[in-house]
Amino acid sequence: MGKAYEDIKKALCIMCFTKNIDDISVNEIVKKAGYSRTYFYHNFNSKEDLIDKILCDEAKLYTFACHLDGNPETYNEKYREMSVNLLNHIYNNKYTYFAILNNHLAQNSRQLFCNKAKNFL
């Protein structure tokens, strides 16, 4: 889905700055993102399906950014690289993390995110 998914994800996460997820409709999401409801429902079953995909994708990317190879000789270099990757990832996905941390993206979103991240370790 690429750009469209990123646009829809960003629209939802930005809206979470001012509204609770339960109060955000699919109509509002697609309008803000610039896509149709038809396009949305062709790619997602529901708003909750979109949320689950966002959390799952972020958990995968987060664990990938945190990966260390365990080699003590390259630990300092790898730790620095991992830190930079992680900070870049969080910065590039700041709206998503804001929504997760403020628990607006989904009820118990922090726990859902952590559980999904554990699956990729």
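## Packing of H1 and H2

In this predicted model, helices H1 and H2 pack at an angle of about 115°, and their axes lie 8 Å apart. Axes are lines fitted to C-alpha atoms, for helices over the stretch in contact, and angles run from 0 to 180 degrees between N-to-C directions. Helices (H or I, at least four residues) and strands (E, at least two) are DSSP runs numbered from the N terminus.

H1 passes H2 in a right-handed crossing. A crossing is left-handed if the near helix is turned anticlockwise from the far one by less than a right angle, and right-handed if clockwise. On the H1 side, Asp7, Ile8, Ala11, Leu12, Ile14 and Met15 meet Glu28, Ile29, Lys32 and Ala33 of H2; contact means heavy atoms within 4.5 Å.

## The largest nonpolar core

The largest nonpolar core has 20 residues, of which Ile8, Leu12, Ile24, Phe40 and Leu50 touch the most other members. Helix H1 (3-15), helix H2 (26-33) and helix H4 (47-65) each give two or more residues to this core. H1 supplies the largest share, six residues.

A nonpolar core is a set of buried Ala, Val, Leu, Ile, Met, Phe, Trp, Tyr and Cys residues joined through side-chain atoms within 4.5 Å. Buried means under 20% relative accessible area, exposed over 50%, and partly exposed in between (1.4 Å probe, protein chains only).

## Lysine 47

Lysine 47 is placed in helix H4. This lysine is buried but has no salt bridge, and the nearest side chain of opposite charge, glutamate 48, is 4.7 Å away. A salt bridge is a side-chain nitrogen of Lys or Arg within 4 Å of a carboxyl oxygen of Asp or Glu. Lys and Arg count as positive and Asp and Glu as negative; His and the chain ends are not counted.

Apart from neighbours within four places in sequence, lysine 47 is in contact with Ile21, Asp22, Ile24, Val26, Ile29 and Phe40.

## Alanine 4

Alanine 4, in helix H1, is buried, with a relative accessible area of 7%. Neighbours within four places in sequence aside, its contacts are Tyr35 and Tyr39. The C-alpha atoms of alanine 4 and tyrosine 35 are separated by 7.9 Å, while the two residues are 31 residues apart along the chain.

## The whole chain

The protein chain has seven helices and zero strands. Of its 121 residues, 34% count as buried. Among contacts with a separation of 6 or more, 60% involve residues 24 or more positions apart.

## Basis of the values

Residues are numbered from 1 along each chain as its sequence is written, and side-chain values use heavy atoms, with hydrogens and water left out. Local features need pLDDT of at least 70 and side-chain atom pairs count only at pLDDT 80 or more, whereas totals for chains, interfaces and linings use all residues.
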